[in-house]
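Please read them with the coordinates open.

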Amino acid sequence: MSAKTEMMDRQPEINTQRDVYQVDSLSANNNAQAVADRRSAAKKQPKKKRKCMDYVRKTIPSIDWLFLNYRWSEDFAEDTMAGIAVAVLNIPQGMAFSILGNVEPTVGLYMAVFPVLVYSLLGTSRHISLGVLSVLCLMTGRVVTMYANDGIAADPGTSYTAIQVATAVTMVAGLVQLLMYVFRLGLLCTVLSETLVSGFTSAVAVFVLTSQLKELLGVDVTRRVGMMQVPHTFYDFADRFHTINWMTTAVSVTNIVILLVYNKYLKERINSKLCMPLPIELIVTVFATVLFQVTTIAQDYNMVQMGEIKSGLPAFEVPPVKLYSAVFVDACVIALVGYSITMSLALLVSQKLKYPLDTNQELLAQGLGNVVGSFFSCLPSGAAPSRSASQQTVGGKTQMASIVSASIIVVVLLWIGVVFEPLPRCVLSSIIVVALKGLLMQVFDFLEIWRKSKTDGAVFIITYSAVIMLDIDTGLLVGVVVSMLFVFVKGVLNEVHVLGRLPDTDLYVRLDLYGDAAEVPDVKIVRYAGSLNVINRYMFKSKLIQVTKGDCDDASMTVTVVDGKHATGGWRNQCVVLDMAALQYADAAGVKMLSESIESLVSDGFDVYLAAVPDSSLEYIRCNNEVKSVRFFPTVHDAVVFRQCSSKKIQDSTYDSQPTKTPNGP
């Protein structure tokens, strides 16, 4: 038994019988009055009026989940455990990532309170944990380095502290996100594709690593800014390597090894036996604090310590308005990056747990969180994967976990924060580097990305290289431009393929992909895929001419089916069927070129049929097509059967050996 027969035996069979239709006959059979009545009835249905309270509840989702429907007896215990788990992560991460922003360590703890409380009331994600995010802290720290002068400026009106510059960036970033919310631009997060974000964050992780080498090794180097700062920083470290502090290096290496070994070999085993994840970062931080409190190692070896840590909550202070224009561009980039990363993480969690998100409401929640945070010494906030994962895996059900976490951080700020003053900064830098391990390793995903898609691979490596070799903002801009360029090129490219018929079916497939497919005698079936517009219209015309008339100089050349597949001589190619099912969009210039191409084919003796034209383009093409002799069919098979029935030359024995299961009746 042949393979073909076996395949047919295994698969179910569908037999249909119907007339052959043209689009005009389908339209004529429709009851226009009934359609009009249905449309009128639909228009007459009164819209449900939304009450003011509906808008309030939509704008403040916590009214529903917290004040009306919260299940205190079922969810509060789990939310409390999740909140504790997030809080113990926030303490070391908050102090560590504040270093990236060139501000005091307590700023990271402030960020675990004010933006978090705002988001918990207005956000639609139940599990993301807002606060410090390494990418945003580093980008803000770069702006702080550019504009902070701490009173050394000649003009007192241009003298700004680091925290003033940072809060100005936070304010402008929040206002930009609120403006995006007003104009319903929540989908702008799609501008930064997953591949682009992956390449960008991988490169920023390299930035973070280089920025922490000074703290990790105790090397006396000046921090670089501007273009090529990563290569220049590595050169500076090689040049100043003789100033390395070996005790600082030993402490850093010890902490990194402990954290890496725990995460790789012990984390899953230990956490599976506990009700919440073991806070290894906090344990290391506390142990190091006690060690350097009771010994004089730090003083003896000139290790840089945290120094004075302010206790209490920050005072209310308006960021300096004069800085807004100076930091505007950087703040816009930070706002878009922060929203995109946070939204990507929120969508990932919501899809896993199957609950909806409102992209525009997320802009309101994050934007207002940044605006409020800017009054209380906060950097731009974002959702961190590690904290969000803990909040979800421990069993958190709602944003009540964030409220619990913020409450714990307030206690730390009021009474406990000062105990970390003896802690060496290299311990926090070690925590930063280990936390970035996943981002640093993303670069090894390039080969897999390239294998799946050359376009995505190019976007990844170009963004990664541009960020490292140029600068964060410039590199991101290069990545976005390249990504948009690929989207544009793909949008204007089109594909034209010749189709053949699978034996004993009414299926028409590409001849170059299916070995069993054969061209239908007397009919050239051409599939067009893509848009048809002012940019690619000439490309469309040249490809259409190539596949319909390119194989012969004279359109009246006869062709014959020799091997059951390719037409080479004996029959005239008198009919061209254009399969337009994959037409995405057609503008006036494109339709005009389509008309000219059809007219050229008609003048060469071809009959031209258009099949499966999308409804969105059908009327536009019909109204603007100057060649009135063209026929429209709902499917390719309708066009082929119509041609066969109307042609007087359908006596070819080779084609008769391939009967269709669909009756050839007009």
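1. Basis. This is a predicted model, in which local features need pLDDT of at least 70 and side-chain atom pairs count only at pLDDT 80 or more, while totals for chains, interfaces and linings use all residues. Residues are numbered from 1 along each chain as its sequence is written, and side-chain values use heavy atoms, with hydrogens and water left out.

2. Sheet order. Six strands make up an open sheet of mixed pairing, ordered β4-β3-β5-β8-β9-β10. Strands (E, at least two residues) and helices (H or I, at least four) are DSSP runs numbered from the N terminus, and two strands pair if DSSP finds at least two bridges between them. The edges are β4 (508-510) and β10 (631-633), each of which pairs on one side only. On average, neighbouring strands of this sheet are turned by 35° against each other, direction ignored; axes are lines fitted to C-alpha atoms, for helices over the stretch in contact, and angles run from 0 to 180 degrees between N-to-C directions.

3. The β9-β10 side. Strand β9 (residues 607-611) runs parallel to β10 and is joined to it by three bridges. Tyr609 has Arg631 as its bridge partner in β10. Helix α28 (residues 636-646) packs on the sheet, where it touches β3 (495-501), β4, β5 (523-532), β8 (575-586), β9 and β10; contact means heavy atoms within 4.5 Å. The direction of α28 makes about 150° with that of β9.

4. Strand β3. Five bridges link β3 to β5 in an antiparallel arrangement, with Val496 partnered by Tyr528 in β5. β3 is also antiparallel to β4, through three bridges, and Arg501 stands opposite Tyr508 in β4. These two strands, β3 and β4, form a hairpin with six residues between them, and Asp504 in the turn has a positive phi of about 65°. Six of the seven residues of β3 are buried, so the strand is largely enclosed by the rest of the structure. Buried means under 20% relative accessible area, with a 1.4 Å probe and protein chains only.

5. Helix α9. How far apart are the end C-alpha atoms of α9 (residues 134-147)? They are 20 Å apart, which agrees with the 20 Å that its 14 residues should span at 1.5 Å a residue; the expected span is 1.5 Å times one less than the number of residues. Of the 14 residues of α9, 11 are buried, so this helix is largely enclosed by the rest of the structure. The buried residues include Cys137, Met139 and Arg142. Partners for the buried residues of α9 include α6 (72-100), α16 (328-353) and α24 (472-492).

Methods:
Buried < 20%, exposed > 50% of the residue type's maximum accessible area, 1.4 Å probe, protein only.
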